[in-house]
Amino acid sequence: MPTMTFRIRRQDPHSKRDPEPRWDEFTVPYESSLTVLEGLFYIQEKLDGSLSFRYCCRASVCGSCAMYINGAYRLACQTNVKHLGGDVVTVAPMPRLPLVKDLVCDMDDFFAKYEYIKPWLIRNSPDPEQEIRQSPKERKKLDMPIDCILCGCCYSSCPSVWGEENYLGPAALLKVHRFEVDSRDEGWKERLPRWKNERGVYRCHTIMNCVEACPKELNPTEGIQWLKLEAVHAVRRRLFGRS
Amino acid sequence: MIHHDLIVVGGGLAGLRAAVEAKRSGVDVAILSQVHPGRSHSGAAQGGINAALANDPGSGDDTWEKHAFDTVKGGDYLGDQDAVMQMTKDAIGVIYEMDHWGCPFSRYDDGRIAQRPFGGAGYPRTCYGADKTGHYLLHTLVEQAYKLGIKLYVEQYVAKLTVHNGVCQGVVAYDMIRGGFEAFTANAVVMATGGAGRTYSNSTNALINTGGGMALAYYAGAPLKDMEFVQFHPTGLYSTNILMTEGARGEGGYLINDLGERFMERYAPKSMELAPRDITSRSIQTEINEGRGIGGKGYVFLDLRHLGAEKIIERLPGIRDLAIHFEGVDPIEAPIPIVPSQHYSMGGIDTDVNGATAMPGLYAAGECACVSVHGANRLGGNSLLETIVFGRRAGAEVVRYLGDLKEKRPNARSAFAAVQAMEARVDDLGASTGTEDAYTVRAEMAGVMKEHFGVFRDGIVMKEGVDRLMAIKERCGMIGLRWTGSVFNLDMIRTVELEGMIDVALTIAVGALARTESRGAHSRTDHCSRDDANWLKHTLAYYQPGVAGPRLDAKPVTLGPFEPQERKY
């Protein structure tokens, strides 16, 4: 039977016995439909019960299994081993995030920044009895940012996050963009101080790693640039009126 | 020991909606979830959520009563009609509320929420956001949870309910990030843990949908209801059982056999591909069984090519991506190989219309509960609706319960005892020298469920299936852990949850064998017709300590304005 070698980065930083990082190799039976996630399950079930990784939907919609696979950000469930080329699959946790264990990163800061930007629809007007009307054209503006699955790939890949631990990062700023382009939202003023500063949009230097990293093929950089431009327009409107 | 007035177990749509409702009334509420709430399986729902908004130009006379009728008929008259009407009446308001909270529904030109046709529905009644409706609804409620400051305990595996003098007073949870078991005490617990799809080897469900919450309530003494009714979705991807939305057929997709026929003409000439799921799945399975699967194999085609690239990209972008990634097929260019796949548990923890179970302090909502609104077969678009309607109602009911509750101090000794019991169980598993392997046992159980309790069922085959499950349960006692580390121990979680999965599977199996009729998704080759005289009733399954398999009881169906009649589509 054909096989595949999985090279996996292992570390249990909380263990007194074995806290140092290492690479473990496992031999996994290969078939053409094998995904990286299935390979990890094979290892956890048959070869090494101590392996830790996140999983949930196995259909690329939940964002749990973001990892660094053969040198690229990928969802393990969405990655068919066949498409990686070669007969070694290298799996590591998302780089530059604090580690819980093996392939599991600590996402607390990521979600704290998400929470910080007030990621919810802000309304001051009273709600109508029925739906708030929104034209298909207005709705279309949401298409890109609402598909974010909060997997963290963009955040881990961003050099501006590496350099400034307080930078909100691409995912949280894309969420700001998601609400600011929503015709139903009235939170511009309330949210503005959270992102229009050096920890927010101005820390993005359009390196565009986030675009490359995103497994859903979204474009956080575009959302961030839109916010920068809107912030300028808002100042201009304040100083010179609407025209 | 950590205390909150209300603990919600599960952070999907039902749990979030229950927590939001309670929090808005000032209750101290926390959600415990095995994954971050935004990763819950609710987010995998695709096609939409039903409500008689009558937004479609052709559906001006749609009403919640017609929605109720379609639901009752779709469920083959096993649904409780008072509960169904409550759901379809509440539906309209909760959808508008989700819009007010920012849910990005697709829109008609006039700015109203767009609605598409779905199986078994008389009108285009299914509100949708492209084919990612669950994801959009889920993120909207996660956002509300953050807005309201609801306390989230993320990556907590809830392993046990704490019961003191017959009252539910909290849970025991394994903290996956920090390691160790912790007692959470509460004056009320809402179970919102989703379905039991993973008891089958051919499920569309997320890998965490093991029926764990059902098992905990069952062990604590609350009965499970109508577990034998398991929905098989007509269109799971052939190689992975990943869901291809019913919306694909709602938008006009065809089902095609090896002869190139739209074979639904033989089974549901009026509704064609939009017959309810039980009928459509049986039709597909019949084609496959009679050799008309593609190339004689075990699948048929879902063909979307005639819809055109523009419509597929606008309305069905999510399933297009899934078909490309997981089946290597672009639906714009080629038909998709599909097969009926386990999809939904109509049964669950027995509750009333307010989420209350037989046990004081214990509530349930969503797929893990059975109100029952889906009866013997759920209509597409009604499960997202159920989560939000009954999550909200359960949250409101807990507020009332807490307001009336006199003794508000959970018993600390019981909470500690529950933690100690869990620790002892894991220690025993760690020390076990048993020779059985948890993952082999799990795979065998899921295989038995697929082979013996599938789309078509037969008495002799099911009896053999029950016997095999009993034998599998015996082997559970001889399983040991492979790793006893404290942090993110998947081996421990997956071993501990296995016994619950087998006991839940047994409620399905024993219930199915006992019900000597065909109704909705429960279709027997040896009892082909519905038997209202003997079986127009709910099954209740009670846990019996020390005995493999449940004790069965029955409960009357609440009838109403809709007289049981033969289903034709």
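**Figure 1. Val190(B) and Tyr363(B) are bridge partners in a predicted model.** Val190(B) finds its bridge partner, Tyr363(B), in strand 18 of chain B. Strand 11 (residues 188–191) of chain B and strand 18 of chain B run parallel, joined by three bridges. Strands pair when DSSP finds at least two bridges between them. Helices (H or I, at least four residues) and strands (E, at least two) are DSSP runs, numbered from the N terminus. The model is predicted, with local features needing pLDDT of at least 70 and side-chain atom pairs pLDDT 80 or more, while totals for chains, interfaces and linings use all residues. Residues are numbered from 1 along each chain as its sequence is written, chains are lettered from A and ligands numbered from 1 in the order written.

**Figure 2. Five strands of chain B form an open parallel sheet.** The strand order is 7-3-2-11-18. Strand 7 (151–154) and strand 18 (362–364) of chain B are the edge strands. Each of these two pairs on one side only. From one strand to the next, the twist averages 20°. Helix 1 (residues 13–24) of chain B lies across strand 2 (6–9), strand 3 (29–33) and strand 11 of chain B. Helix 1 of chain B runs at about 165° to strand 3 of chain B. Axes are lines fitted to C-alpha atoms, for helices over the stretch in contact, and angles run from 0 to 180 degrees between N-to-C directions.

**Figure 3. Strand 20 and strand 21 of chain B run antiparallel.** Six bridges join strand 20 (residues 537–542) of chain B to strand 21 of chain B. Ala541(B) stands opposite Leu552(B), a residue of strand 21 of chain B. Strand 21 (residues 551–556) of chain B is hardly covered. Of its six residues, the count of buried ones is zero. Buried means 20 or more other C-beta atoms within 10 Å of a residue's own, exposed 12 or fewer, and partly exposed in between, with C-beta atoms placed from the backbone.

**Figure 4. Ala509(B) is a buried residue in helix 15 of chain B.** Ala509(B) counts as buried because it has 29 C-beta neighbours inside 10 Å. Leaving aside neighbours within four places in sequence, Ala509(B) is in contact with Phe453(B), Met462(B), Gly465(B), Val466(B) and Leu469(B). Contact means C-beta atoms, placed from the backbone, within 7 Å. Met462(B) and Ala509(B) are 47 residues apart in sequence. Their C-alpha atoms are 7.1 Å apart in space.

**Figure 5. Helix 5 of chain B packs on helix 15 of chain B.** The two axes are 9 Å apart, at an angle of about 80°. That makes helix 5 of chain B roughly perpendicular to helix 15 of chain B. Angles under 35 degrees count as roughly parallel, over 145 as roughly antiparallel, 65 to 115 as roughly perpendicular and the rest as oblique. Helix 5 of chain B brings Gly212(B), Met214(B), Ala215(B) and Tyr218(B). Helix 15 of chain B meets them with Glu497(B), Gly500(B), Asp503(B) and Val504(B). By class, this contact has four nonpolar, two polar and two charged residues. Ala, Val, Leu, Ile, Met, Phe, Trp, Tyr, Cys and Pro count as nonpolar, Asp, Glu, Lys and Arg as charged, and the others, Gly among them, as polar.

**Figure 6. Domain 1 of chain B touches domain 3 of chain B.** Chain B is assigned domain 1 (2–229 + 344–412), domain 2 (234–340) and domain 3 (434–556). The bounds come from an automatic or database domain assignment. The C-alpha centres of domain 1 and domain 3 of chain B lie 23 Å apart. Domain 1 of chain B puts 38 residues into the contact, and domain 3 of chain B puts in 34 residues. On the domain 1 side, strand 8 (156–164), helix 5 (212–220) and strand 12 (224–225) of chain B each supply at least two residues. Helix 5 of chain B gives the most, with five residues. The domain 1 side divides into 19 nonpolar, 13 polar and six charged residues.

**Figure 7. Chain B meets chain A.** The contact joins 40 residues of chain B to 41 residues of chain A. Helix 3 (81–100), helix 4 (133–148), helix 10 (317–327) and helix 15 (490–514) of chain B each supply at least two residues of the chain B side. Helix 4 of chain B gives the most, with six residues. The chain B side holds 19 nonpolar, twelve polar and nine charged residues.

**Figure 8. Chain A is divided into two domains that touch.** The bounds are 3–105 for domain 1 of chain A and 108–240 for domain 2 of chain A. Their centres, taken over C-alpha atoms, are separated by 30 Å. The contact takes 13 residues from domain 1 of chain A and ten residues from domain 2 of chain A. Strand 4 (residues 72–75) of chain A gives the largest share of the domain 1 side, three residues. By class, the domain 1 side has eight nonpolar, three polar and two charged residues.
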